[in-house]
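Reader: Hi! Could you walk me through this one?
Author: Happy to, here it comes.

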Amino acid sequence: MSQLFAIFRPRCLGNFGLSSLALVLLAAITRTTAVAAQELQYPLAIAAHDEAIYLVDRNLPGVWKSSGSKLSVFFQAGKKYRTPLNAPRCVAVDGKGQLYVGDSATREVYRFDDAGQPQPLTEGKIGIPMGIAVTGDGDLLVSDLEIHCIWKVARSGDMPTVEKYADVAAPTGVWLDEENRLWVVSRANNALLRVTADKKVEVVVTGRAFEFPNAVVVDREGTAYVSDGYAKAIWRLAPKGKPAKWVSGEPLVHPVGLAWRGDDLLVVDPRANGVFQIDRDAKITPVELGTAQ
């Protein structure tokens, strides 16, 4: 920086003037960095519990929390690759508010403890975790895009255990419905699948019906919703029906993560850099995440 000032130093500035200018510029840079650190960077996944919304941000990297009209960094990961949550991709929260995040940098799924710190669960046994569903017993079902399967992470006992739950090609988002069937989005030849409680894989949508599917959620009536980044759309699939675009185009740019908040669907869009809410009438509105803290 001193070399830069030496090149561009105005002749009218003495040493005092130069020092003052340096301090002003340094303060401006610091303020800009602080503001940037409190803005969404590239949010990929979303989970909601009570009034809180959790967002996994790939480029932060880390996790945001929006609650009580305040947006804050829940966990700030390091910039060094292969450190915890350097490349977070998915998030889930159970009925008790326990938060889980999948990270491809460390091939791991983390549980956040009471101190807000991530605790590894699988000893790095998962390749690229793309989706997490929590069973009624507190076990996790995790999709793995690299190894092409669904893993079960059993939480009972002193140490979690990891076992293969089902083979699924190119899985991304997952959702556990009211009948304990695991819905799985696939980027392979069959776009949407279900894994029954006895681990039987059923094809729900054949072929590549979507352009670039990411996440799936299912409502209490059994209607499924799938986010599609390339189509800039949310697809809707009624029971025994066919996929149809439910919401598409602006303000959606590249919809990825989905979550329910009551009867409304929350959609996180990294390229729109925000969260949207869609009601039962397909009306879409931006979600105010609150003032950055």
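Reader: Is Cys90 buried or exposed?
Author: Cys90 is buried, because its relative accessibility is 2% (buried is under 20% relative accessible area, exposed over 50%, partly exposed in between, with a 1.4 Å probe and protein chains only). Cys149 also counts as buried, at 0%. This is a predicted model, where local features need pLDDT of at least 70, side-chain atom pairs count only at pLDDT 80 or more, and totals for chains, interfaces and linings use all residues. Residues are numbered from 1 along each chain as its sequence is written, and side-chain values use heavy atoms, leaving out hydrogens and water.

Reader: How many disulfides does a search find?
Author: The whole structure has 0 disulfides, meaning pairs of cysteine sulfur atoms within 2.5 Å.

Reader: Which residues touch the most other members of the largest nonpolar core?
Author: They include Val56, Leu85 and Phe112, in a core of 15 residues (buried Ala, Val, Leu, Ile, Met, Phe, Trp, Tyr and Cys joined through side-chain atoms within 4.5 Å). Strand 2 gives this core its largest share, 3 residues (strands are DSSP E runs of at least two residues, numbered from the N terminus).

Reader: And what does Phe112 touch?
Author: Beyond four places away in sequence, its contacts include Val63, Phe74, Gln98 and Pro118, with contact meaning heavy atoms within 4.5 Å. A second, separate core has 14 residues, among them Val185 and Leu192.

Reader: New topic: where is Gly68 found?
Author: Gly68 sits in the loop between strand 3 (62-67) and strand 4 (70-76). Gly68 counts as partly exposed because its relative accessibility is 47%. From Gly68 to Gly290 is 7.5 Å, C-alpha to C-alpha, although they are 222 residues apart in sequence.

Terms used. Helix = DSSP H or I, 4+ residues; strand = E, 2+ residues; numbered from the N terminus.
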